[in-house]
Amino acid sequence: MSDSSGVVFPVDASSGRRSTAVVGRSVVAEALRAVDPVGAASATRETNWRQGYLPHFRRLVEAGLSSDDAAVTIARDGIAALHDRLRWSSGGEDRPLAAAFADTAEDGGATSAPQKPATTLGHETIRGSAAPDRTLSVPYAGQRLSGDALRRQVDTWVAAGTVEPTLAEAVGRVVDNPGWLDLSDRTVVVLGAAAEMGPLRTLLRWGADVAAVDLPRKDLWERLIADTRKSAGSITVPVRRGGAPLAERLGGDLVHDLRSVTDWVERLEGPLVIGNYVYADGATNVRVSAAVDALSARVIERRGRDEVALAFLATPTDVFAVPGSAVARSVANYAERRTSKVLRVPLRTLSGGRLLRRNYVPVDGPEAPGINDSVVLQQGPNYLLAKRLQRWRATAYRADGGLVSLKVAPPTRTRSVLKNRALAAAYAGAHRFGIEVFEPGTANTLMAALLVHDLRTGAPAQPHPWQDEAYAAVHGGLWTAAYDPRSALGIAALLGVAAAR
């Protein structure tokens, strides 16, 4: 379908184009306005959003640290601002985003002709025949680690500063309670079913009943069907009527057919876990993330908070408030690394201070959070806005009393990362700076285990939203590294290219 239909950016009056920069700038400004009016004014005045967006996204985190109320206000206002600005385009006409769920344009607040009715999607279930695995095992370095071996590896990661110490607590609970892996009491809705970082294949190995949604692409569904039939679980998939082969009729397009997919999710039986694992390039990432957010809000409204939990994976390449212990670890690493004594001064001098900068200015006490900025500039403002929307929804829903699992996932060698040659090279050399880049199988299994932990423990809220995000974070060492990640990225890439050769 055309990029000018479905969930779209509005047409900017001054340029006549659908401007992602205008929307991004205004959403960030509106999110800040009530808590940090100076920051809001600064975002509004930013004339080159594509190059100058980063300080404003950092300010969103900093401004929320004053209180949990401030963080929740920023989250709610940011969500509302994005929903207010994005549009639903059908029949060549833009309407408010809420019109995606209306049978007529009048229902959506417009005054024009009725929309095309939503397609009714049926349910098709594919079942596996294997026995469910009731032991948490994580693939790592050519082995599958379980029990004490898995605990030792987690302890190794903690000792290396690769993960937050609370990961040992969370993983240990799942190891101690293998019955938790039986998720037959819930339907897990995996939006972005084919995503490498998603939990689909792990959940199927554990015997879960998964509602799987991804684009209607024959090759994608042929692979997922084959994987499911070899597993212990089942997938229930939206299906269109017709005489074509099954794989050609499966799937749902969230951006262009939002009402149909939302109605389909709403009709699923039992308590739901709506997992957001979608990804797309560029501006489409914001569009599909907003579609998932609109779907989630609609299903919660219809089914109630007791019936719906939300799950997200946060990217480690973002801005986070991090525990004082992570800052202290980084400061110690900065003082102890050999490069600090041999290369740091000449490299910083030659680069005008851009290379090998310290990760943090030391904080005043062990309890005071620091700000970690691991944003990769090549990913751009649309990527950051899409991921921030997910964090905002997690914060707001948790404040409303809803069950949320949001976990910081590790840097991972996914296909979407490796197709960027510069980032792939940087990942290849990252270990020289204390960063561990995970393989997809390790990362997605570990994240699935943390999802189970949160569902079974109720993911009790921490005193402040930043602490919710930091709990059991698998940041790969970005939070504890000696150097600001961007100041070491170029050197890591050169070392990675050299290693590959």
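**View 1. Strand β7 is covered on both faces, with T187, V189 and L191 buried on one side and V188 and V190 buried on the other.** The model is predicted: local features need pLDDT of at least 70, side-chain atom pairs count only at pLDDT 80 or more, and totals for chains, interfaces and linings use all residues. Residues are numbered from 1 along each chain as its sequence is written, and side-chain values use heavy atoms, with hydrogens and water left out. Buried means under 20% relative accessible area, exposed over 50%, and partly exposed in between (1.4 Å probe, protein chains only). Strands (E, at least two residues) and helices (H or I, at least four) are DSSP runs, numbered from the N terminus. In a regular strand the side chains alternate between the two faces of the sheet. Of the 5 residues of β7, 5 are buried, so the strand is largely enclosed by the rest of the structure.

**View 2. Strand β7 runs parallel to β10 and to β8.** Two strands count as paired if DSSP finds at least two bridges between them. The link from β7 to β10 has 5 bridges, and T187 has L272 in β10 as its bridge partner. The link from β7 to β8 has 4 bridges, and here V190 is partnered by A212 of β8. Strands of a sheet pair through backbone hydrogen bonds, either parallel or antiparallel.

**View 3. Seven strands make an open sheet with mixed pairing, in the order β4-β9-β8-β7-β10-β11-β14.** Each of the edge strands, β4 (122-127) and β14 (403-408), has a single partner strand, so one side of each is left without a neighbour in the sheet. On average, neighbouring strands of this sheet are turned by 20° against each other, direction ignored. Strands β8 (residues 209-213) and β9 (residues 234-239) pair in the parallel sense over 3 bridges, and A211 is bridged to T236 in β9. Helix α11 (residues 258-266) packs on the sheet and touches β4, β7 (187-191), β8, β9 and β10 (272-276). Contact means heavy atoms within 4.5 Å. The direction of α11 makes about 175° with that of β8. Axes are lines fitted to C-alpha atoms, for helices over the stretch in contact, and angles run from 0 to 180 degrees between N-to-C directions.

**View 4. Helix α6 (residues 147-160) has a length that agrees with expectation.** At 1.5 Å a residue, its 14 residues should span 20 Å, and the end C-alpha atoms are 20 Å apart. The expected span is 1.5 Å times one less than the number of residues. L150, Q153, V154 and W157 of α6 are buried. These residues cover an arc of only 100° around the axis, which puts them on the same side of α6. The arc is that of the directions from the helix axis to the C-beta atoms. The face turned away from the buried side carries the exposed residues D148, R152 and A159. Just after α6, G161 takes a positive phi of about 80°.

**View 5. The cover over the buried residues of α6 includes β5 (137-140), β6 (143-146), α7 (166-176) and α19 (440-457).** Strands β5 and β6 pair in the antiparallel sense over 4 bridges, with R144 of β6 as the bridge partner of P139. Their hairpin has 2 residues between the strands, and A141 there takes a positive phi near 50°. In α7, the buried residues are L167, A170, V171, G172, V174 and V175. The buried residues of α7 pack against α6 and α19.

**View 6. Aromatic pairs include Y53 with F57 and Y140 with W157.** The whole structure has 8 aromatic pairs. Rings of Phe, Tyr and Trp (its six-membered ring) pair if their centres lie within 6.5 Å; planes under 30 degrees apart count as stacked, over 60 as edge-to-face and the rest as tilted. Y53 and F57 have ring centres 6.0 Å apart and planes at 85°, so the pair is edge-to-face. Both Y53 and F57 are buried. The rings of Y140 and W157 have their centres 5.2 Å apart and their planes at 85°, so this pair is edge-to-face. Y140 lies in strand β5 and W157 in helix α6, so the pair ties together parts that are 17 residues apart in sequence. W157 is buried, with a relative accessible area of 2%. W49, Y53 and F57 form one aromatic cluster.
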